[in-house]
Amino acid sequence: MFQGKFIHNIDTKGRVSIPVKFREIITERHDNMLVLTNHIDKCIVAYPPDEWEMIIEKIKALPMKKEVRFFQRHFISAAMEGELDRQGRILIPPALRNYAELNKEVCIVGLGSKIEIWDRKKWDKSMMLEGKEEDKDRIMDVLADLGI
């Protein structure tokens, strides 16, 4: 399981070091491979190959509404396999870096079965709820409805 938040730099070639905690899981269970793609929130999302296959199966089972077709085109067409190198880095292809507007500092976030890679400033901004009590209350109401 991927969990935690880590700040790393992306190098000039577009490689980012994967946190050691995540690297161990990827190496031991997933042959150093991840599938990287666009996320609707303007970040990169990375799945181990088996998780990616489960996502694809779920998407295939959805009704072919306009929104689903858009999501398929946005999400699946951008997907690229990536392999960790010997230093534990993964190359984020230029198209994905450009989409997520990744600059030097990135925030790597573990979310259970997937990893998100954000531009550091975008991550910080997206997590700011200070002064937004109605947002906090709405989030807490949704979580309570879900039993969390």
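**View 1. The largest nonpolar core of this predicted model has 23 residues.** Inside this core, the residues with the most contacts are Ile26, Ile44, Ile92, Leu102, Ile115 and Ile117. A nonpolar core here is a set of buried Ala, Val, Leu, Ile, Met, Phe, Trp, Tyr and Cys residues joined through side-chain atoms within 4.5 Å; buried means under 20% relative accessible area, exposed over 50%, and partly exposed in between, with a 1.4 Å probe and protein chains only. At least two residues of the core come from each of helix H1 (20-30), E3, strand E4 (44-47), helix H4 (94-100), strand E7 (105-112) and strand E8 (115-119). Helices (H or I, at least four residues) and strands (E, at least two) are DSSP runs, numbered from the N terminus. A second, separate core has seven residues, including Val45, Tyr47, Trp52 and Ile56. In soluble globular proteins, nonpolar side chains tend to be buried together.

A word on reading these views: residues are numbered from 1 along each chain as its sequence is written, and side-chain values use heavy atoms, with hydrogens and water left out. As this is a predicted model, local features need pLDDT of at least 70 and side-chain atom pairs count only at pLDDT 80 or more, while totals for chains, interfaces and linings use all residues.

**View 2. Leu102 and the residues around it.** Not counting residues up to four places away in sequence, Leu102 touches Ile10, Ile44, Ile92, Arg97, Ile117, Trp118 and Asp119. Contact means heavy atoms within 4.5 Å.

**View 3. Six strands form an open sheet.** Follow the strands in the order E1-E7-E8-E4-E3-E5, with antiparallel pairing; two strands pair if DSSP finds at least two bridges between them. Strand E1 (2-9) and strand E5 (80-83) are the edges, each pairing on one side only. On average, neighbouring strands are turned by 25° against each other, direction ignored. Axes are lines fitted to C-alpha atoms, for helices over the stretch in contact, and angles run from 0 to 180 degrees between N-to-C directions.

**View 4. E7 pairs with E1 and with E8.** Eight bridges join E1 to E7, and five join E7 to E8. In E7, Val106 is the bridge partner of His8, and Ile108 is that of Phe6. Ile108 also stands opposite Ile117 in E8. A hairpin through two residues links E7 to E8.

**View 5. Helix H5 (residues 120-127) lies across E1, E7 and E8.** H5 runs at about 105° to E8.

**View 6. Asn38 sits in strand E3 (residues 33-38).** Is Asn38 buried or exposed? Asn38 is buried, with a relative accessible area of 9%. Leaving aside neighbours within four places in sequence, Asn38 is in contact with Cys43, Val45, His74, Phe75, Ala78, Leu96 and Tyr99.

View 7. The structure holds zero disulfides, a disulfide being a pair of cysteine sulfur atoms within 2.5 Å.
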